[in-house]
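Visitor: Please walk me through a few features of this model. Keep it brisk.

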Amino acid sequence: MSDLLEHAQDQQQQAVREAAARLLSERRAGFSLPQPFYNDERLFALDMKEIFAKEWLFVGVSSEIPAKGSFMTLDVAANPIIIVRGDGDSIHAFHNVCRHRGSRLCTSERGKVAKLVCGYHQWTYELDGRLLFAGSDMGTDFDTKEFGLHPVHVRCAGGMLFINLSQQPANAEPFFKTLEFYLKPYDMENTKVACTSSIVEDANWKLVVENNRECYHCNGAHPELLNSLQEFDDTDDPRATLAYKELVARKQADWDAEKVPYQLVRFGRRNRMTRTPLLEGTFSMTQDGRVASQKLMGRLQSADMGSLRILNLPNSWNHFMGDHAVVFRVEPISAQKTRVTTKWLVHRDAVEGVDYDLDTLRKVWDATNDQDRRLAEENQRGINSQAYQPGPYSSTYEFGVVDFVDWYSEQIEAALSDAQPQHLQLA
């Protein structure tokens with residue numbers, strides 16, 4: 001019976017892959033995706049298998065696990081993951097699954113332990129994943145060496161943590177090395193998470209990312225954010241004004257003196273980083289543009305650092321300023337549900353109520369996140385209509401969205417390159 005079920009599942013999955021390949025082959029360049037890519041659970045499963053199980057994903061910052069035994073947990077689709085600091089500041093990641101009967105080992109989001117102990121039957125693991133104890137009832141032939149935790153690839157780059165669930169991850173070292181260089185002035189090991197927000201949006205994860213990749217909607221949706229944010233990503237933005245380019249030149253001279261990097265660096269369509277000014281006279285993404293924390297980050301001597309913007313597809317965008325940073329993680333839950341987690345980072349020695357006020361720190365992005373949630377949810381509701389057809393993106397205002405959708409399509413098409421003509425209708 002199990003063989004029959006597995007065969008039927010394989011046939012269904014193959015039919016889905018063939019249909020997805022056909023839809024992408026017919027996709028019109030510069031247009032949004034066909035409807036099933038935004039609302040079909042079968043294509044959501046394809047996204048999880050071919051994107052989120054293969055790409056490097058941002059999961060948090062190293063200062064969240066500051067000492068030996070500190071851990072954090074998260075889910076990547078149906079895969080619970082644990083990240084723990086071991087001996088000598090080593091950082092390990094594992095599938096958060098006991099090798100006995102599959103129970104989750106760690107059930108809280110974060111904590112500190114001496115060993116990793118399963119609450120079900122007390123199987124005990126070292127922080128490096130080795131099984132240490134499985135009781136005395138497993139028989140004399142039982143070999144603990146065969147039942148260590150399943151590892152997950154993990155990389156700390158400049159204090160940002162990334163994991164990859166695939167057996168052979170793509171080489172992202174150029175991005176990681178550049179990220180280390182750009183984040184060195186912030187001394188990320190000596191930061192702390194001042195506060196965290198986690199909201200669930202009733203929208204496909206790609207709609208959440210698409211919304212982030214353009215500021216076409218900003219004037220009509222984000223009054224708080226536009227008190228400090230420049231709408232332009234960089235001087236390559238086709239809409240960038242002469243005044244903006246002149247401001248960039250002046251600020252880059254200041255940043256040279258501060259010895260902080262600012263150049264726009266791209267890694268294909270997937271990753272990029274650049275430092276760009278905030279509005280003239282503003283220093284931070286706050287309601288009034290003033291600093292949110294009086295204690296600056298790392299070795300920085302000036303609050304006027306603009307925003308170091310870091311993009312990591314498929315699941316993160318980030319803003320690093322002189323006084324604090326805001327990091328974002330996208331976690332797909334289902335075809336029409338996505339969790340967005342936001343963390344505000346400050347210097348480790350900054351004191352709440354003295355150096356920073358939480359309401360001031362988070363007000364702008366709390367408002368912006370809620371506004372974006374409503375936009376993405378209304379986008380999803382419209383796409384679910386029988387009237388939806390892929391629509392054209394603006395090459396000037398939405399070039400970032402075009403890059404993201406093209407990158408996504410290329411990744412899926414490459415994974416489906418062996419698919420045959422379709423036998424299943426998805427729309």
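**Reading a helix contact and a loop residue**

Guide: This is a predicted model, where local features need pLDDT of at least 70, side-chain atom pairs count only at pLDDT 80 or more, and totals for chains, interfaces and linings use all residues. Residues are numbered from 1 along each chain as its sequence is written, and side-chain values use heavy atoms, with hydrogens and water left out.

Visitor: Which residues of helix H3 are buried?

Guide: Buried means under 20% relative accessible area, exposed over 50%, partly exposed in between (1.4 Å probe, protein chains only). In H3, residues 41-52, the buried ones are Leu43, Phe44, Leu46, Asp47, Met48, Glu50, Ile51 and Phe52.

Visitor: Which residue caps the N-terminal end of H3?

Guide: Asp40 does, with a side-chain oxygen 2.7 Å from the backbone nitrogen of Arg42.

Visitor: At what angle do the axes of H3 and helix H9 cross?

Guide: Axes are lines fitted to C-alpha atoms, for helices over the stretch in contact, and angles run from 0 to 180 degrees between N-to-C directions. Here the axes of H3 and H9 (residues 399-415) cross at roughly 90 degrees and come within 10 Å. H3 is therefore roughly perpendicular to H9 (65 to 115 degrees). Contact means heavy atoms within 4.5 Å. H3 supplies Leu46, Asp47, Glu50 and Ile51; H9 supplies Trp407, Tyr408, Gln411, Ile412 and Ala415.

Visitor: Where does Thr282 lie?

Guide: In the loop between strands S13 (271-276) and S14 (307-312). Thr282 is buried, at 10% relative accessible area. A polar atom of its side chain lies 2.7 Å from the backbone oxygen of Leu279.

Definitions and conventions
Helices (H or I, at least four residues) and strands (E, at least two) are DSSP runs, numbered from the N terminus. A polar contact is a pair of N or O atoms within 3.5 Å; within protein, one must be able to donate a hydrogen and the other to accept it, and residues adjacent in sequence count only if both atoms are side-chain atoms. Angles under 35 degrees count as roughly parallel, over 145 as roughly antiparallel, 65 to 115 as roughly perpendicular and the rest as oblique.
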